[in-house]
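Biologist: Could we go through the charged side chains of this protein together, step by step?
Modeller: Gladly, and here is what we will be looking at.

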Amino acid sequence: MSNQKKRNFQIEAFKHRVVVDPKYAEKTWKILEHAIHEIYNHNASGLSFEELYRNAYNMVLHKFGEKLYSGLVTTMTAHLKEISKSIEAAQGDLFLEELNRKWNDHNKALQMIRDILMYMDRTYIPNSRKTPVYELGLNLWRDNIIHSGKIQSRLLSTLLELVHRERTGEVIDRGLMRNTIKMLMDLGSSVYQDDFEKPFLEVSAEFYKVESQKFIECCDCGDYLKKAEIRLNEEIERIAHYLDVKSEAKITNVVEKEMIANHMTRLVHMENSGLVNMLLDDKYEDLGRMYNLFKRVPNGLSMIRDVMTSHLRETGKQLVTDAESSKDPVEFVQRLLDERDKYDKIICQAFSNAKTFQNALNSSFEYFINLNSRSPEFISLFVDDKLRKGLKGVSEEDVEIILDKVMMLFRYLQEKDVFEKYYKQHLAKRLLSGKTVSDDAERSLIVKLKTECGYQFTSKLEGMFTDMKTSQDTMQGFYANHIELAEGPTLVVQVLTTGSWPTQPTITCNLPTEMAALCEKFRSHYLGTHTGRRLSWQTNMGTADIKATFGKGQKHELNVSTYQMCVLMLFNNADRLSYKEIEQATEIPASDLKRCLQSMACVKGKNVLRKEPMSKDIGTDDAFFVNDKFTSKFYKVKIGTVVAQKESEPEKLETRQRVEEDRKPQIEAAIVRIMKSRRVLDHNNVIAEVTKQLQSRFLANPTEIKKRIESLIEREFLERDSDDRKLYRYLA
């Protein structure tokens, strides 16, 4: 069995000769043609679609596909020509309705015809590469109806007229518009674009060009932007209702170009209502609208940003160079913070917190804050004011907010080391007078400074706090060893490490005998417990509480400076003292003594002394008496010293010189660091690298850097190249 050959069986169709009636094709086509007429005449209900399908099937099968296809084209074309006449005859508003009705009829007819000729669609059409039935129907509609001479221009003008009417506030039949536009889209994207979209965009551009010109002549900037926004939203809504979604970008571009881009400069600089006025009046809504509209056009946002920057720089410059505002440092800094808050809010609420606007704000502040060389001093004075009294009763969160704002201004400073100098002086005064509102706030700011500038920046500040704590322990030890001092005057000494605290000139002053003896005992105690140390008294920084009895037995406790105490104690042994006698007895420097006497004799409510002659200033020929008539509703009376809040010119120069001196070793250290790693470097690169390294503390002056290089060459840290004088070499 397995050796037998396998046989392949094949079943073939039964072959018989089909005799076709010579007139078969004509007869069958007549039946199909009649059916097509009936379908177009709405009489399709009486037709047998099964029979019609079989007839069309047989025609294709018997190779009469061409006759069927060409007959279909001819019949449909004839019907469409009739339909075209009916549409052309429609008057006024009925034109679009008739067009739509006939389009719907044609669509239904097409679907039925396609069903009947399905076999031709599947076999004959792909093989002969002809257009499928449904598509053919659309093309014929396009050529005979839409592109008919009398309909094409009328259709376009009708559609554009309806859009125009809607733009001018009339209500139109959007459903009819949607159906008509959808018909154009169904006929192919090129029909929609050529027969409607292109002319629509051209007409729109002209419409908005004229309208924008009209608006800009009669509206202020805010109103104009509102109108532009409304128009833009209307066009987007129009797309959603009846236009092709692909047209959205094109029509919004037209509105943006005609209403915004072409008038940008005029809008921004519009008198009394442009961008600057919006910024001045905090018009967040208008600013937000301007931002949202301008970001749609090229260079829109950069124009807003540039105008904002130049305005901010101008107002900032006026603020920091105004002699009036410089009189009150706290007010000066507060105005800077208010300005910063104002623009932060604008950028956040109106400009989407955009990074480019934040950067512009920062660069503007950095520009104008450094125009005033006293900004570092004023910021430190502001902190001093807040930490002395301004933060009383303020919650921890609010304290942090204020400190963060101060740090923000600090970051803009180019001369951070100048701030450090002043901050150190002010912190010293707060700590020594016990006037700080909160140790936590003090330490919090130091932590922030440390984070910003590194350990070196704050190490001395931290040392000051350490000294205050150590001094408390020292005083406890002193009184534990001298129990006999429990009766009599009490002495509190703060022992300050020279390197950590601001350097003060040691000023001699003759203390009252009882105090001088007490101070001597403390010196012996301290030097006995610590070896290798020296103590020098800073009497100009101390305070004292003394009890005083005035006329009529009125008793008060006076809180005074050490100098004031020295002066007042003299009146225990004299009723009247001349200025010269006081100066001779105390040896207090003249400028300090005058301030000290002024605060006790010329300040209302604090005048424990009287002077002759009465005047606001102290003269060398004045005489002083105890004011027996002194009264105060408080038992404890604090008598401050008349003191300038800001530095005087000589003090300012002295501080500046100290800062310049402190910078020298820092510049030299930076040069050596750079040269050690690079070994050989040219002059310009040394300058650039040193400036970059030191910019977190101060802006190094190229002339000073050059002097420091010369100094290092003299001390043989560096040498000049023998061939190129601008080239430096590091000497190990």
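Modeller: A term to begin with: a salt bridge is a side-chain nitrogen of Lys or Arg within 4 Å of a carboxyl oxygen of Asp or Glu. Please keep in mind that this is a predicted model, in which local features need pLDDT of at least 70 and side-chain atom pairs count only at pLDDT 80 or more, while totals for chains, interfaces and linings use all residues. Residues are numbered from 1 along each chain as its sequence is written, and side-chain values use heavy atoms, with hydrogens and water left out.

Biologist: Okay, so how many salt bridges does the count come to?
Modeller: By this rule the count comes to 49 salt bridges. In general, side chains of opposite charge can pair when their charged atoms come close.

Biologist: Which residue forms a salt bridge with Asp341?
Modeller: The partner of Asp341 is Lys405, and the closest N and O atoms of the two are 2.8 Å apart. This pair links distant parts of the chain, with Asp341 in helix H17 (residues 329–349) and Lys405 in helix H20, 64 residues apart. Helices here are DSSP runs of H or I with at least four residues, strands are runs of E with at least two, and both are numbered from the N terminus.

Biologist: Switching topic, which residues gather in a patch of negative charge?
Modeller: On the surface, Glu396, Glu397, Asp398, Asp439 and Asp440 gather in a negative patch. Helix H20 (396–412) and helix H22 (439–453) are the elements that give two or more residues to this patch, and H20 gives the most, with three residues. Glu397 has its place in helix H20 and is exposed, with a relative accessible area of 56%.

Biologist: Which residues make up the positive patch?
Modeller: Lys392, Lys435, Lys606 and Lys638 gather in a patch of positive charge on the surface. Of these, Lys638 is found in strand E6 (residues 636–638) and is partly exposed, with a relative accessible area of 40%.

Biologist: Last one, is Tyr579 buried or exposed?
Modeller: Tyr579, which lies in helix H26 (residues 579–586), is buried, with a relative accessible area of 1%. Leaving aside its neighbours within four places in sequence, Tyr579 is in contact (heavy atoms within 4.5 Å) with residues including Ala590, Leu593, Ile618 and Phe624.

Conventions
Patch = residues over 30% accessible without salt bridge, like charges linked within 9 Å, V, L, I, M, F, W, Y side chains within 5 Å. Areas by Shrake-Rupley, 256 points an atom, 1.4 Å probe, with all protein chains shown as cover. Lys, Arg positive; Asp, Glu negative; His and termini not counted. Charge placed at Lys NZ, Arg CZ, Asp CG, Glu CD. Buried < 20%, exposed > 50% of the residue type's maximum accessible area, 1.4 Å probe, protein only.
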